[in-house]
Amino acid sequence: MAEEEETELSDDQKKGIAKWFLVNAPAGEIQYVSKDLKLVLNDDDVYNEAASEAFPVYNKSHLISLKMPGGFGDVLVTSYGELQDNEYLDPKTAQVAIVDHVKQACTKVRPATDEELPSAYVEEYRCALEAEILKYVAEAYPKGSSSVYCTNGKDVEEPGSDFDLVVVIAAARLSPQNFCNGSWRTIWNIEFKDDIQKLELNGKLLVGAHYFEEGNVQLDTKHECRDSTMFQSPDDTAISVANLIRRHETAYMASLEESYFKLSDNTFKDLRRKLPITRTLFPWRSTRQFSLKREISEELGIGK
């Protein structure tokens with residue numbers, strides 16, 4: 001039978017495969033993956049095209065935090081703060097960070113314009129909520145970052161209209177020298193409904209972990225939840241929302257820990273067959289009934 005001819009992949013196919021590996025790299029590992037891909041591809045044009053498309057997607061999905069020059073602190077790279085392809089608003093400092101996605105670095109900053117910032121009315125709620133979230137993140141995630149964005153109704157000037165805020169929390173623990181990396185990302189969409197004086201919260205919690213010492217084990221989990229609270233003054237609303245976020249995230253963390261405790265008793269036992277294909281237990285205490293055992297005993301002169 002004639003051997004099938006090997007078909008060379010097109011540049012577009014190579015780029016698509018490279019993008020998949022880059023976008024799906026575990027937390028904190030895209031630079032390692034890109035280094036290996038560059039060697040495998042051996043084509044700078046294909047690699048550069050794949051990297052230029054994949055890195056922005058990866059950076060925004062992993063909510064990476066970058067240090068801004070000039071002592072302005074860190075900026076979160078998220079779709080909620082994205083103004084243009086490489087410009088990201090930091091609401092805390094009212095600065096716009098210009099980001100090099102492939103290098104994962106903030107190259108410079110500029111002040112945000114009035115058009116890029118919410119109105120004074122919305123900003124009062126946003127700022128109060130951000131202050132409470134910063135306190136919570138400092139307690140729960142020592143190396144975490146957070147930001148609060150206005151995603152809808154940023155021009156609302158007074159009570160009577162609805163607007164939306166989004167709370168973004170990201171924390172990563174990267175320890176490649178110990179063969180493990182992990183990340184915690186939460187996104188809370190908050191709808192301020194003025195007509196019914198109520199806030200609707202929709203949370204999405206994303207947890208990822210990668211252990212690769214003499215193996216490759218990954219955790220990739222997603223949890224969604226909903227809640228609500230009353231539309232109150234900026235300070236009271238901020239405290240109420242932060243408490244709800246704290247409660248849900250603490251409960252989810254506890255559920256993850258509980259599932260790990262049950263791994264050895266439940267999950268791992270289900271991974272192996274409880275009985276051999278004969279559907280009977282192996283008679284360890286009377287193995288002489290098996291011919292192989294008798295033959296080995298006779299050959300070695302055991303029992304004589």
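How accessible is arginine 246, in relative terms? At 26% relative accessibility, arginine 246 counts as partly exposed, where buried means under 20% relative accessible area, exposed over 50% and partly exposed in between (1.4 Å probe, protein chains only).

The views show a predicted model, in which local features need pLDDT of at least 70 and side-chain atom pairs count only at pLDDT 80 or more, whereas totals for chains, interfaces and linings use all residues. Residues are numbered from 1 along each chain as its sequence is written, and side-chain values use heavy atoms, with hydrogens and water left out.

View 1. The structure holds 18 salt bridges, each defined as a side-chain nitrogen of Lys or Arg within 4 Å of a carboxyl oxygen of Asp or Glu. In one of them, lysine 135 pairs with glutamate 132, with 3.4 Å between the closest N and O atoms; the two residues are three apart in helix H4 (residues 120–140), so about one helical turn separates them. Helices (H or I, at least four residues) and strands (E, at least two) are DSSP runs, numbered from the N terminus. Another salt bridge joins the side chains of glutamate 139 and arginine 246 at 3.7 Å, N to O. Because glutamate 139 lies in helix H4 and arginine 246 in helix H5 (residues 234–261), this pair ties together parts that are 107 residues apart in sequence. Glutamate 139 is exposed, with a relative accessible area of 59%, and lysine 135 is partly exposed, at 49%.

View 2. The side chains of arginine 247 and aspartate 227 form a salt bridge of 2.7 Å, N to O, which links helix H5 with strand E11 (residues 217–230) across 20 residues of sequence. Aspartate 227 is buried, its relative accessible area being 18%. A polar contact of 2.7 Å also joins its side chain to that of histidine 248; a polar contact is a pair of N or O atoms within 3.5 Å, where, within protein, one must be able to donate a hydrogen and the other to accept it, and residues adjacent in sequence count only if both atoms are side-chain atoms. Leaving aside neighbours within four places in sequence, the residues in contact with aspartate 227 (heavy atoms within 4.5 Å) include Leu199, Glu200, Leu201 and Leu244.

**View 3. The largest nonpolar core.** This core has 34 residues, and those with the most contacts inside it are Leu129, Val167 and Ile245; a nonpolar core is a set of buried Ala, Val, Leu, Ile, Met, Phe, Trp, Tyr and Cys residues joined through side-chain atoms within 4.5 Å. Among the elements that give two or more residues to the core are H4, strand E7 (144–152), strand E8 (163–175) and H5, with H4 giving the most, eight residues. Not counting residues up to four places away in sequence, leucine 129 touches Val148, Leu165, Val167, Ile190, Ala238 and Val241.

**View 4. Helix H3 and its bend.** Helix H3 (residues 44–61) has 18 residues and reaches 25 Å from its first C-alpha to its last, close to the 26 Å expected at 1.5 Å a residue, a span taken as 1.5 Å times one less than the number of residues. The helix bends by about 30 degrees at alanine 54, and proline 56 follows within four residues; the bend is the angle between axes fitted to the seven residues ending there and the seven starting there. At the N-terminal end, aspartate 43 caps H3 through a side-chain oxygen that lies 3.1 Å from the backbone nitrogen of aspartate 45.
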